[in-house]
Every structure is written in C-alpha cells, then in structure tokens.
Amino acid sequence: MLGQLRRIVQDVAQEPILNKALSGLVSSVKHALATECCSVYLADYQQQHFMLMATDGLNEEAVGQVAIGFSEGLIGWVGQREEPINLAQAHLHPRFKVTPEVSEDNFSAFLGCPIIHHRKVLGVLTIQQSAERVFSEDEESFLVTLGVQLASVLANAEMRDAASRSSTAVQQATQLQGLPGSPGMAIGEAYVTEPASDFDAISLKRSDDPEKELALFYRAVKITKAEFNRLAERMSSHLPADALAIFDVYHQLLDAASLGREIEEQIADGWCAKSALKRVVERFARQFDDMDDPYLRERGLDIRDLGQRVLNHLLDTEQRRAKLPEKVVLVADEVTATMLAEVPREQLIAVVSLRGSVNSHAAIMARALGIPAVMGVSELPLLHWHEQRVIVDGYQGHILLSPSEAICAEYQRLISEDVALNARYQQEIGLPSQSQCGERFKFMVNSGLAIELEYTNAQFTDGVGLYRTEFPFIIRNQFPTEQEQVELYEKVLAGYPEKTVVMRTLDVGGDKALPYFSIIEENPFLGWRGIRLTLDHPEIFLVQIRAMVRANIEHQNLHILLPMVSDLAEVDEAIRLIRQACFEVSDELGVSLPKPKIGVMIEVPSVLYLLPELAAKVDFCSVGTNDLTQYLLAVDRNNARVANLYDALHPAVLRALYQLGQQAKALQFPISICGELGGEPAGVLLLAAMGFRRFSMNSSNLAKIKWLLRRVELADLELLLPEVLCCHSPKQVRLQVQRFLEQKHLLTQLRA
Ligand code: PEP
Ligand code: MG
C-alpha cells in the first residue's frame, strides 16, 4: 500500500498540467482500491463552491461543469466537517443532494475525504461503489493518508498551473503569499540561483525548442563522460578492475541505445532537457527500487547518481548562460550570503526565498542591505520563476508574477512615495537621538554584511552594537587566517573611532552553515551552535580572539560578545580563553593590551534566570530578540510552516523582556537590544517604554527609528505599556500600538 501511495503522489507531483494530474489521480485511486468510482472536487473560495475536476466512474461530461456549494450535499458536508464521511447508503442521507448531471444513481456506498493544506480545505476526494457497504477502515485510512500527502502537492500544482497560464495566454498576474522578510517594494526580473540541485527540486517544464534541448543534453552527457574518464583514471591505481567496470556501465547507460535514447524521446515529446532527464531517471530508478534482488536494487542508486551528474552539468550550462538582468530579484530555494555576494550590489533590488521565515538570516541580510525580501514562498517551484517580471512587496509578503503594466505603474507610485518618506527620515539623521521629551537614547548599528551601507551612517551612530563575525567566515572556502581576520576587524574598528564596537564571536550553526565545515544535525537550532561549537574548538575561538585583540591595539574600542550562552560554565571557559589569548598576544608583541569589555547575548531563556551571576562575571549584556523569541515560543525562526507562531510581539516575549529590563536596572547591569525587534517601530516603542535605552539595529532602519522616537513622549509610551502587557495575543498588541500611532498621527508616515 505504501508503495502505491507514494507512486500516486509522485505521479501527481510530476504532471505539470493540473487537469491531467487529477485525471491520472482518480484512475490510480480507483484501481488501487478496486472500487467503481473515484472523483476529486477542488474548492473555489471566490465562488464558494467545490468544482468537480476529475472523475473515473461518474459522467465525465460533468467535469468542470458541476459545482457544489460549500454548504451543499455530501461534498460540502465533508468540507464543513473537515473529516472523512463514510456511508453505506449515501442517497438516504439527509445531506445527499441529487445532481443529475453526474449520473451517480448506481452508487450507494460513499467515502469522502477532505484535502487540507495549512488548515484550508483545498478539495474533496471521493470513492463510490454500488454495493451497500461501509468502506473498510483500511480503505478509509488509505484515502486519508493520500489526502494528507496530496495537500501540499495540489497547493503547488494549482500555483504551477496558474503560473504557466499567466506566462502564456492570459496576461494576468499570479499572486503568491509569503512572509514579509524585509520592508520595501521593488519591481524587477527574477534571477534564479540554484545550488547543486537534486531531482526533487526540479519541476517539470516543457520547451518548444527540442533541438536546443537536445544540444544541451548532448553537451551535458559529453562532459559527464569526460568526468568518468578522469575519475576512472584517477582511481585505477586504487580500485580493482571489476570495481572500475562501473564506469563502463555508466558510459553504456548514457549511450543512445539505453537511457540516452529514452531521454531523447522525451525531449522530442516536448519536455525540456532537465525534465526529460528527471522523468527517465526517476522511472528507471523506481523500477530498480522495487526489485527483490538486493544487487539489482542497488542499481537504482547508480542510475540516480548518474542522473545527478548529468543534471549538475545541465544546470551549470544554464547558469553560465543566464545573463544577469539589470534589476535582479534574486530567487532561490534558500538564499545564502554567498548568493547575495555574487550579485553586484547596484543590480540587486529584492530577494525572494522559497524557504525560511521572517527572522532567518537571509531576511536579516536583506534588511542590512536595505532591500525588500519575501520569505517562505513555497507554493511555486523554482523553475517557474525564471526570467519572469516580479513585484516584491516586502511589507506584506506579497509577490506578483507577470504583473500587468497598470499594476506595475501603481506599485511604481508606491515605491516613489516610499523613497520620499525615507528621504524625510534621512533628513533628520544628524539630529540628537532623543524622544520629544528629551530622554536620550543610544543607537548603534548591526554590522557584518552590507559594509558600505553601514559606514555611510557611521557618523550618526553611537558605534556598532553587534558585529556578526560569521559572514566573513561563510563567504570563504576555508577558515580565515588570523592575519586575514586582523585586517578585517581593524577596518571595522577604524570605521568607528572613539566609539564602541561590539564584536560577537563566531555564531555558526542553526541556519548559518560554513561551506567547509558541515554540521548535520536533526535539530540544528538546538544543537551545536555559537559558543557551544567554538568552545569545543578552542583553536578557532583563540585565533579569532587573538585577531580581535591585535586589531584593537591601535583603536582600543573593542567589546567582545558571546553568542548562544545557556550556562555559566560557558562564560567562565570563554573568559579563560579570552584572557589566555590576550596574554599570548601581549607576550608575543611586548605590548600591554587594553582589556576588552566582555558581554553575553541574552537569547537562550535559561540566562533570563541567571542575570545576577552573569552581572558578576561580565561587563554587559545584549538581548538577541530573534533567538529569544524562537526559544521562548519553541518556534523555529527559519520554518515558514510555523511562521504564524513566531512573533516577537507575543505577550510572553514582551513580559519576559519587561522583567529582564527591570532586573538589569536593579543590578545596574548595562543592557542593550540587538535583535530585530529594536529596529521595528512597534518594537522600539514598547522597549523604550520598558526602560531600554540602547538599541543596535540594521543601518537601513536607523533613520526611521530615530525619526519616530523623536516624535513621542515617554510618558505617553509608559501609559501604553501596561495595556500592551495585559494583551492576550500578538494581534492585540499590534492593534494597541497601531491605535497609539494613529492618535499621534504617525501611522501614515511610517510607510507608503
Ligand atoms: C538574535 O538572535 O536576536 C541576534 C541578534 O542574533 P542572530 O540574529 O545573529 O542570531
Ligand atoms: Mg542570535
């Protein structure tokens, strides 16, 4: 049964045309369950009805014609109840609705199962039979399991269908909903970057130029064969002749008499080279997977490996050919620092990441660059974005693919308004950082990525509140040397003479991976991350601290910050290593070194309860609201599926921050905020009301936040705070803040 289920779902996923996918689906289900009829209805929320989309057993002429209202008939009932309904005599049921067009008089037994994606009913799958019987529990659980597996495939299929329609016939935009990753709006052309890809990431696509596709395929095969020759030669001294024979088998498989011919046929059938390769490789590999003989089963792996190599070369060629558009909307499955670095800054106007969420590091990077980003747009696979015109609305998390001229003109107007607003904030950037009532604030910047941008505002800030050292590590192919790090850190320290620069020690792990140091974990955000990793590798930690203190000899403005601390022993050990590094450098260079101040990130909930001890051990602390939110709420900050639960304005997070602020004040323990919350209007207002006075944020938020705080009285904010702290939900918190901003006539001035 499991094999049948998997095959049915895979077949639906592979068929790019929705109607075809559904008609294949109903036939396969009918066959698998040996029943007399299977049908599928899809929900249309605009029309409030379910449309019969495919059937094997009812009148086929009713497909696309018969619609059943959301509150009508048994289909509507399955949708309303959101659970399977299994009846022996469906026609006697009070909810049964006679629909003559479908010709179902012969059928008595009925089993309907909803297809639900992200709490939304997408459709209803039914099976019917003439015998008066209740379908068995096995049949019911088969249909339920199929419904669950089909849900995301169907959600994708609908989008793909819409996207291919909009790119061909009707010039109508496809709207996609993601998560607002970085504010702002932009209009540009999608430029898709794919890391070494696998077949799962390839969605099927047709081509109207088979000759070109064939040429691409032959070229990839030629390079793959040459690669095998090189490999075989290199390994000939290490491997016995029979093991080397595998390369001959690979060669033969690629030949025109074997897999190669099948792929050529698929291309001649109208598939693009990648799709043809995928279809053939998956079909053959599946045939081998199903074999009883373990030796032959293994050959399925060989076919996949071979296919993967050809695919890599196909993608390589494609990427090399793709010309960078003038205005790049970078689209990737998961946007990385390296991908961002590859596009010239002046051409990069927006980012779309199919995976990730509002506080993934890709979103934070986009904010640092001051460009809009939308995250978690998982409905549409990468191949459908290629070269499409795109509007990215980073405020709302909207994407419009192939928008009309009229929509573009409207967005262009909004973009111009946004530019005007930003210019207005920028005009005041040089004014004192204080509230309307004269209370002073310290505004610092988060640094580490968009260096040029960060320096343009340097004179208007109180320094760097968070320098994320990991980005220079991520964009290299090996750990940077001590000297390389010294040069890098010197530049940063020199950029802020007489001002504090807080450098955080390496915080990799979680969603920040080093290409040359792979960490594979089931639960990376709860795993080997930040200080945990660097304390286990003192050779990395010590070199970094030595580089920092050497860079500080001239500038003397370094503070050191420890990430992901959850335990006091980690602080003791880190302090010991920092002392050791200072001693070594001072000894080697014969100079006495200024002792850098040491701080701890407050981002793991355990340290909320260790503040007095921390205050006794270190000089300051800095609140990482991004991680604190994820760990307090137990919501992965990088997972779009639970993004609706990740919210730094959650009352629990706000109450924790309030108590933290009070305790730090009582302990006279210097505290600042370096998480994203401090760079957002609602967040900074509430934090100011709680008594926080030091904020470090992305340079692109600085002018706006300063502008906003200069227009509010702390006394007013202090009245708002108790109301907010009593709220039951983030939504209520937002409404309270929105009302406050409206009363102060500030709301409309915060965005176009
Ligand atoms: C945070 O967690 O709030 C923080 C500032 O660190 P990062 O986003 O780099 O994890
Ligand atoms: Mg963090």
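This tour goes through sheets, helices, single residues and ligand sites, one selection at a time.

**Before you click**

You are looking at a predicted model, in which local features need pLDDT of at least 70, side-chain atom pairs count only at pLDDT 80 or more, and totals for chains, interfaces and linings use all residues. Residues are numbered from 1 along each chain as its sequence is written, chains are lettered from A and ligands numbered from 1 in the order in which they are written, and side-chain values use heavy atoms, with hydrogens and water left out.

**Stop 1: the six-stranded sheet**

Select β1 to β6. Helices (H or I, at least four residues) and strands (E, at least two) are DSSP runs, numbered from the N terminus. These six strands make an open sheet with antiparallel pairing, in the order β3-β2-β1-β6-β5-β4; two strands pair if DSSP finds at least two bridges between them. Each of the edge strands, β3 (67-69) and β4 (85-87), has a single partner, so one side of each is left without a neighbour in the sheet. From one strand to the next, the twist averages 20°. Angles run from 0 to 180 degrees between N-to-C directions, and axes are lines fitted to C-alpha atoms, for helices over the stretch in contact.

Now zoom in on β4 and β5 (residues 109-117), an antiparallel pair with three bridges. Here Leu87 has Phe110 in β5 as its bridge partner.

**Stop 2: the eight-stranded sheet**

Next, select β7 to β14. What is the order of the eight strands in this open sheet? The order is β7-β14-β13-β9-β10-β11-β12-β8, and the pairing is mixed. At the edges stand β7 (174-177) and β8 (179-182), each with a single partner strand, so one side of each lacks a neighbour in the sheet. Neighbouring strands are turned by 30° against each other on average, direction ignored.

Highlight β13 (residues 389-393) and β14 (residues 398-401), which pair in the antiparallel sense over four bridges. Ile391 is opposite Leu400 in β14. Then bring in helix α12 (residues 405-427), which packs on the sheet and touches β9 (185-193), β13 and β14, with its direction at about 115° to that of β9; contact means heavy atoms within 4.5 Å. Helix α11 (residues 361-369) lies across β8, β11 and β12, at about 50° to β8.

**Stop 3**

Go to Phe217 in helix α5 (residues 210-235). Is Phe217 buried or exposed? With a relative accessible area of 1%, Phe217 is buried (buried means under 20% relative accessible area, exposed over 50%, partly exposed in between, using a 1.4 Å probe and protein chains only). Beyond its neighbours within four places in sequence, Phe217 contacts Gly260, Ile263, Ile267, Ala273, Leu277, Val310 and Leu314. Leu314 is 97 residues away along the chain, yet its C-alpha atom is 7.0 Å from that of Phe217.

Now pick Arg286 in helix α8 (residues 273-289). Arg286 is buried as well, at 16% relative accessible area. Its side chain makes a polar contact of 3.0 Å with that of Gln10; a polar contact is a pair of N or O atoms within 3.5 Å, where within protein one must be able to donate a hydrogen and the other to accept it, and residues adjacent in sequence count only if both atoms are side-chain atoms.

**Stop 3: an enclosed strand**

Select β15 (residues 442-447). Five of its six residues are buried, so the strand is largely enclosed by the rest of the structure. On β22 (residues 694-698), β15 has a parallel partner joined over five bridges, with Asn446 opposite Asn698. Three bridges also join β15 to the parallel strand β16 (residues 463-468), where Val445 stands opposite Val464.

**Stop 4: the ligands**

Glu603 is buried at 1% relative accessibility, and Asp627 at 2%.

For ligand 1, show Arg504 and Arg637. A polar side-chain atom of Arg504 lies 2.8 Å from an oxygen atom of ligand 1, and one of Arg637 lies 2.8 Å from an oxygen atom of this ligand.
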